[in-house]
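Have the sequence and the 3D view open as you read.

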Amino acid sequence: MTTRTTADPCWYKDAVIYETHVKAFFDGNGDGIGDFAGLTEKLDYLETLGVNCLWLLPFFPSPLRDDGYDIADYCGVHPSYGTLHDFQLFLEEAHRRDIAVLVELVVNHTSDQHPWFQRARRAPRGSPERDFYVWSDTDQKYAGTRIIFTDTERSNWTWDPVAGAFYWHRFFSHQPDLNFDNPRVVEEIEAAMGFWLDLGVDGFRLDAIPYLVERDGTSCENLPETHAVVRRLRASLDRHAPGCVLLAEANQWPEDVRPYFGEGDECHMAFHFPVMPRIFMALRMESAEPIIDIMKRTPAIPPSCQWALFLRNHDELTLEMVSEEERAYMNLAYARDPQARVNVGIRRRLAPLVENGLRRIELLNGLLFSLPGTPVVYYGDEIGMGDDVRRSDRDGVRTPMQWTGDASAGFSRQPPENLYSPPVSDPVYGAAAVNVEAQLRDRSSLLHWMRNMIRLRKQFRVFGRGSIEFLPVTNAKILAFVRRWEGDTILCVANLSRHAQPAAIDLAAFAGLTPVEMLGYTPFPAIGGLPYMLALGGYGFYWFELRRDP
Ligand code: NOJ
Ligand code: CA
């Protein structure tokens, strides 16, 4: 077993997380598919980028009909990505660089190819084996439950001719939901957790956690029984591996996510789903209001807990946690091309969402790194990779990492037609235009900027741990807030407009302090009794340390 040296039990609060798929990162053995050997080779790159926690998308044995979220064996490595031994070598090398590793725990469902399902459909009704999954004689049960994959699924029930019954699934019909009313299911999930914890992983992302338990007459989401299961998984984690973390994927409104922290006895972290689309809305509306609104609607969380913030990930930019009106606005603003839409969201990467506007990419990352929570960077977004909305499902945002300008993007020795997915090929976002090698050489590249910002953020724990207060500003296009923790105070000011803007900020509470701009370490005029005047260029933003003795 390998472990990291970090002793701080709240290490995840200071982390910068990098999300990647093993298959998409680097092909070590030259068969066209990324693997653990390749990922291990590229750990130096990640260390230099400054990220200190990796979240790996599912890499377990699977028929790959949902890119690995359809698990056929919880305790193995898909042969395309290497062996368990390769995983162990990777984990040791990550830990040697003090990089933590989070893996997926897809708790809600398995593949229909999982031996549990194959056994269940043949087992007698009412037997513990059959009861690993959720069965019904009718497809009308739990009728109040929404469908998540609206583009492909018409019902949450599918008829199984072998079992002679319908089985329940919140996602694809090949992903039957496990039955968490069966204590043996919970025991099996705990055993899978134990397996990876024994190897030394630092925690789990809990996929689709709101849907564990179903009850008649409810939405079958966020039920008290589901929270009881999460508490049990947490207790098991704490017994087994104190210091390891659970990160909840609960795509819900803030007030419904809050219970996934429990009293500090459920998840350590949870993604802040509602703030994400509102950051994009604020940018397009040129107004700070959507961000301030949702942050004010965000309840306080227990001291040991932390939000995880993200701009983009491997899924569509989900528009489930916005109103009808806001959804229509987002689609108009960011997905005029109907091909860019999938399910209830937009399948685009960060750079194309903002028309490759470098200042907008920087502003969005500036917000990601300064709003309260732990930032999660999606692989490739640190160099401004593009997408391909013509690919099926969400594949267009899961293309090979672009390392060099060659035809296979330096991802593999195989020609592009032999890769698990062809790289993005267009004149603006193709590997010839966007790649790590070129951006490493170009000191003014996005990659260098990201490295710099991550380094700066990590120097100030206030970003990961501090409180937030929004400040009154005369200009609604300007977002201004202070972050405070122990003796540190940081003022963040962002211009959401494409044009230069003046800002008069009420900093009366900080009179006598001097704002020191953090990138250049330049002192600005001291704060007096009057509103503090700043001018910001289009999409400009500042981080100031407020100091008594600059
Ligand atoms: C959420 C994951 O992020 C997504 O990629 C997957 O398809 C569903 N859960 C089902 O597991
Ligand atoms: Ca390979």
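Predicted model: local features only at pLDDT ≥ 70, side-chain atom pairs only at ≥ 80, totals over all residues.

## A buried charged pair

Now for the charges. Side chains of opposite charge can pair when their charged atoms come close. There are 42 salt bridges in the structure.

Take Asp66 and Arg394: their closest N and O atoms are 3.0 Å apart. Asp66 is in the loop between strand 2 (53-56) and helix 4 (84-96), while Arg394 is in the loop between strand 14 (374-378) and helix 14 (436-441), so to speak two distant parts of the chain, 328 residues apart. Both Asp66 and Arg394 are buried. They also belong to a network of salt bridges that links them with Lys23, Asp67, Asp315, Asp393 and Arg398.

Glu320 forms a salt bridge with Arg146, with 2.8 Å between the closest N and O atoms. These partners are 174 residues apart in the chain. Are they buried or exposed? Glu320 counts as buried because its relative accessibility is 16%, whereas Arg146, at 29%, counts as partly exposed.

Arg498 pairs with Glu286 in a salt bridge, the closest N and O atoms being 2.8 Å apart. Here the partners are 212 residues apart. Arg498 is partly exposed, at 49% relative accessibility, but Glu286 is buried, with a relative accessible area of 10%.

Note on methods. Residues numbered from 1 in each chain as written. Chains lettered and ligands numbered in written order. Heavy atoms only, no water. Salt bridge = Lys/Arg side-chain N within 4 Å of Asp/Glu carboxyl O. Helix = DSSP H or I, 4+ residues; strand = E, 2+ residues; numbered from the N terminus. Buried < 20%, exposed > 50% of the residue type's maximum accessible area, 1.4 Å probe, protein only.
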